[in-house]
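My entries follow the order in which I looked.

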Amino acid sequence: MFENLSERLSGVFDRLTKQGALSEEDVKTALREVRVALLEADVSLPVARDFVKKVQEQATGQAVTKSVTPGQQVVKIVHDTLVDVLRGEGDPGALKIDNPPAPILMVGLQGSGKTTTTAKLAKRLKEREGKRVLMASLDTNRPAAMEQLAILGSQIGVDTLPIVKGEDPVAIAKRAKTQALLGGYDVYILDTAGRLHIDEELIQQAAQVRDVAQPRETLLVVDGLTGQDAVNVAAEFDDKIGVTGVVLTRMDGDGRGGAALSMRAVTGKPIRFVGLGEKTDALETFEPDRIAGRILG
Ligand code: GDP
């Protein structure tokens, strides 16, 4: 579905570029198509509408410079407006992890890539920032998930909290904190349990852990390919748990980044990182410019 967005935009702008001078009617037609294309890319209607309005405001009355065609100029305005909407405040990669040991809470639905992202983040903090990191899985419903984190930990050379059978998530969070303090860790990352859908138990458990851990950062991991669903999930998690940032996974897939646009516009939460593959080094700081480029195709 995202291919349509890119193809459509190129089609629209190709036509514009070939026409030379740009009439108000041309801009309107182009923007109508931009809106349809955004909708097809699973951007929500209010977001698409808002976006088009912003572009129109920017485009109207702007002098056409000689070095570019009017079409190219509209493309640039669309691109710059996208970057503007996508960009949060400050450096997305700079996590609040002073005052060791700093807790980071990872939340999200099962299958979103939470455990993988926990390991990716730990590796990044260790290698790029020289931090001593401890990871702990709180997914007591799924012993396999706990083991998965331990395996990833040994692969990347990051310690994981030893698994104690029968312990509940709050007890694990407390033990992680103690261990992080005693062990001289800079950061400890709590990988909470995910479920297929948001339900009362999931939220309650995450809230309890949050209250105990008092995380400096609460990162929501969402599958970037799920479009509007990802945005709904983010809005709900933010409402119930409070998140400080979003990690969009599977951005190596076919998606064109439509979810990123809605995510920013609807939740107002900064996108901090994007997942670009299954390997533990496939995590990058979110760059609005690159996603804008992808959305435009
Ligand atoms: P969790 O249930 O949320 O903890 O999800 P996992 O971390 O177990 O990930 C589920 C699947 O998605 C695994 O097969 C991961 O390798 C894969 N995965 C996670 N992040 C990415 C990503 O950014 N790109 C791709 N292609 N696969 C990913």
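Predicted model: local features only at pLDDT ≥ 70, side-chain atom pairs only at ≥ 80, totals over all residues.

**Entry 1**

**Entry 2**

In which sense do β2 and β4 run? I found that strand β2 (residues 133-137) and strand β4 (residues 187-191) run parallel and are joined by five bridges. One pair I looked up was Met-135, whose bridge partner in β4 is Ile-189.

Within α7 I looked up Leu-181. Leu-181 counts as exposed because its relative accessibility is 54%, and the cut-off for exposed is over 50%. I also noted Gln-208, 27 residues from Leu-181 along the chain; the two C-alpha atoms are separated by 20 Å.

**Entry 1. β7 and its two neighbours**

Is strand β7 buried or exposed? Five of the five residues of β7 (residues 271-275) are buried, so this strand is largely enclosed by the rest of the structure. On one side, β7 pairs with strand β6 (residues 245-249) in the parallel sense, over three bridges. There, Val-247 has Phe-273 of β7 as its bridge partner. With β8, strand β7 pairs in the antiparallel sense, also over three bridges. In that pairing, Glu-284 of β8 is the bridge partner of Val-274.

I checked the record for this part of the chain. UniProt, in an unreviewed entry, places the feature "domain: SRP54-type proteins GTP-binding" at residues 270-283. I found this span to be 0% helix and 43% strand, with its end C-alpha atoms 16 Å apart.

**Entry 2. Around the ligand**

Which residues come nearest to the ligand? I found 18 residues around the ligand, and Gly-111, Lys-114, Thr-116, Arg-250 and Asp-252 come nearest. For Gly-275, a backbone N or O atom lies 3.2 Å from an oxygen atom of the ligand. For Lys-120, a polar side-chain atom lies 3.4 Å from an oxygen atom of the ligand.

**Entry 3. Helix α10**

Helix α10 (residues 258-267) is largely enclosed by the rest of the structure, because eight of its 10 residues are buried. The buried residues include Gly-258, Leu-261, Met-263, Arg-264 and Thr-267. After α10 comes Gly-268, with a positive phi near 70°.

I looked up Lys-123 in helix α5 (residues 114-129). Why does Lys-123 count as buried? Its relative accessibility is 16%, and buried means under 20%. Leaving aside residues up to four places away in sequence, Lys-123 touches Arg-128, Ile-156, Thr-280 and Asp-281.

I then turned to Arg-32 in helix α2 (residues 24-40). Arg-32 is partly exposed, with a relative accessible area of 47%.

**Entry 4. Backbone exceptions**

Most residues other than glycine have a negative phi, and most peptide bonds are trans. I therefore looked for exceptions to this general rule.

- The peptide bond from Pro-100 to Pro-101 is cis, with omega near -5°. Pro-101 is in the loop between α4 (70-86) and β1 (102-108).
- Gln-214 is not a glycine, yet its phi is positive, about 50°. Gln-214 lies in the loop between α8 (200-213) and β5 (217-223), and is exposed, with a relative accessible area of 56%.
- Arg-250 has a positive phi near 60°. Arg-250 is found in the loop between β6 and α10 and counts as partly exposed at 36% relative accessibility.

Methods. Residues numbered from 1 in each chain as written. Heavy atoms only, no water. Buried < 20%, exposed > 50% of the residue type's maximum accessible area, 1.4 Å probe, protein only. Helix = DSSP H or I, 4+ residues; strand = E, 2+ residues; numbered from the N terminus. Pairing = 2+ DSSP bridges. UniProt positions renumbered as here; feature names shortened; annotations may be inferred. Near = heavy atom within 4 Å. Polar contact = N/O pair within 3.5 Å; in protein donor to acceptor, adjacent residues only side chain to side chain. Contact = heavy atoms within 4.5 Å.
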